[in-house]
Amino acid sequence: MNFIRIVLSVIVICLVFVSCEDDLTQTGSGLVGETNFNAQKYNLVSLAAKTEPIVRVQTNALSSYALGFNQDPVYGETSANILSQLRLSFPNPQFNGNPVVDSVVMLVPYFSRIESREGENVTYALDSLYGNDSYTLEIYRSNYFLRDLDPTENYEAQKYYSDQKSLFESNLESTPIHIENNFRPTASAVNVVDFDSGKLDTLSKSPRMKLRLPAAYFQQHVINKAGSDALLSNENFKNHFRGLYFKVKNNSGTPSQAYSLLNLRSDEAEILIYYHIPATGVDEEDETGIYRLKFGGQMVNVFGTQNQNIPTGQDLYLKSGAGSMAVIDLFTEEGELEDLRANNWLINEANLTFYVNESVLAGGEKQPNRLFIYDLTNGTTLADYTLDITANDNNPNISRLNHLQPLTTEDGVSFYKLRITNYIGDLLNPESERTSSKLGVVLSNNVNVFNPVTVDLPNESELKRIPSPMVLNPYSTVLYGVQAPEGKELKLEIFYTQPD
């Protein structure tokens, strides 16, 4: 009896295992993570790949903003300027007397990390500083009103673009509020006078831009407006003081490399207006305080280019901002997709491998570490992105390593391998109704963020979307396309198992 029970148990376990296996490996869409069980390989060569120049890209929905100059050996020099609204820390301020502005300090944090700490001494490193040249920074008041809603698009969210530099600069006050010569971001801690436990004290803050703005200007245009409609609400204030424009100028006469990202979305990005209210009695003391203006609302990055060159040809040229991207079309041969679906393959793995053309752009420090591939037609990530078990929300540098493999160098050859197994498995499923969508390939400085923004591509029939981190990546690359030296051409490798 015991022997019979053991046999029956084994049979039941086997039936359950087979049943589960049938459920998990549907014909044409079963995805197996390894390729060690007689998997065969199919090289798809019927694909098209081209460089797509970017006419303009939406820049008012970014998580950070670029400032400075980026010099590229292939694409030329790009300048990055910023227009940002300000908001009141609290509207309709009431002062107990007539405040007099003593000084004004503007603070905008950089993205930084702590490298070491010894007692109260903290050493920082900047995460988003590229180059160490200096430039002239001018701060202007803008008279251009940035809307939240677009009346020409059924009052949908307003979009502002990277190519609107001339429009914004034609609406600046004639004289800058402040000029900072030889401006250069540093990783040093910054001392700031602020409230601590109810008292003004000097506090050490993480690295940030710190500029002293003219007290008289903010006395006239902000503090003296207390009690008027201008400070009654943030909507009123945004119309009264329409924003600040950060304009960079290269006065050296030589190419400049000084490019950094500003954390303008931080609550610590602010303008501190230090004031005192004179005492009215002999035995009284002056009242001191700080009124704050915060950066917020609409913020726009605009880019200027000098001698920008987006080459055409067989190679794929990827550049950030209003630069360029790659567009990939799979299964371009008529009937091939339908023929492959009829094979009922079990897809084990599918990869697109892009080789760096180092004869045009040498690798090294300036070679970007990550690419991002996505469904360009629908403006969405691929299933492989969502299902990647290596996703690490806290560290994008080691996140989604299966789907978006970082730059790899083997035997002196540099390449990016993008695994799109789930995407191809769905596409080759005989029951799938979808056709091959266009895939977009761009640079990315944070693969954890998609946050698509609108982009204008000249050879596409309508506006498309790209991942927003592509806009701010300072690096560039040149990749081989489908026509390339043997062994470096772009192709799709599909590893599959043929069912019995």
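Predicted model: local features only at pLDDT ≥ 70, side-chain atom pairs only at ≥ 80, totals over all residues.
A salt bridge is a side-chain nitrogen of Lys or Arg within 4 Å of a carboxyl oxygen of Asp or Glu.

Residues are numbered from 1 along each chain as its sequence is written, and side-chain values use heavy atoms, with hydrogens and water left out.

I begin with the salt bridges. Helices (H or I, at least four residues) and strands (E, at least two) are DSSP runs, numbered from the N terminus.

Is R141 buried or exposed? R141 counts as buried because its relative accessibility is 6%. E173 is partly exposed, with a relative accessible area of 22%. The cut-offs are these: buried means under 20% relative accessible area, exposed over 50%, and partly exposed in between, with a 1.4 Å probe and protein chains only.

A charge sits over a ring if NZ of Lys or CZ of Arg is within 6 Å of the ring centre and within 35 degrees of the ring normal.

Another salt bridge joins K41 and E493, whose closest N and O atoms are 3.3 Å apart. Here the two residues are 452 residues apart, with K41 in strand β1 (residues 40-44) and E493 in strand β31. K41 is partly exposed, at 45% relative accessible area, whereas E493 counts as buried at 15%.

K294 and D267 also form a salt bridge, with 3.6 Å between the closest N and O atoms. K294 belongs to strand β20, and D267 to the loop between β18 (258-262) and β19 (270-277), 27 residues apart. At 10% relative accessibility, K294 counts as buried. Which residues make up the network joined by salt bridges that share partners? They are R87, D194, D267, E270, R292 and K294.

I now come to the aromatic rings. A pair of aromatic rings is described by the distance of the centres and the angle of the planes. Rings of Phe, Tyr and Trp (its six-membered ring) pair if their centres lie within 6.5 Å; planes under 30 degrees apart count as stacked, over 60 as edge-to-face, and the rest as tilted.

The structure holds 21 aromatic pairs. In one of them, the ring centres of F246 and F295 are 6.1 Å apart and the planes meet at 50°, so this pair is tilted. The two residues are 49 residues apart, F246 in strand β17 (residues 244-249) and F295 in strand β20 (residues 287-306). F246 counts as buried at 0% relative accessibility, and F295 is buried at 3%.

The pair of Y355 and F415 is tilted because its planes are at 50°, with the centres 5.8 Å apart. Y355 lies in strand β23 (residues 346-355) and F415 in strand β26 (residues 413-419), so the pair ties together parts that are 60 residues apart in sequence. Y355 is buried at 17%, and F415 is buried at 9%. Elsewhere, F90, F95, Y275 and Y291 form one aromatic cluster.

R400, in the loop between α6 (383-387) and β25 (408-410), has a phi near 55°, a positive value in a residue other than glycine. R400 is buried, at 10% relative accessible area, and it lies over the face of Y385, 3.8 Å from the ring centre. D411, in the loop between β25 and β26, likewise has a positive phi of about 55° although it is not a glycine. D411 is exposed, with a relative accessible area of 81%.

Finally, consider A80, in strand β5 (residues 76-88). A80 counts as buried at 1% relative accessibility. Contact means heavy atoms within 4.5 Å, and, not counting residues up to four places away in sequence, A80 touches A66, L67, G68, V248, Y259, N301, V302 and F303. Thank you for your attention.
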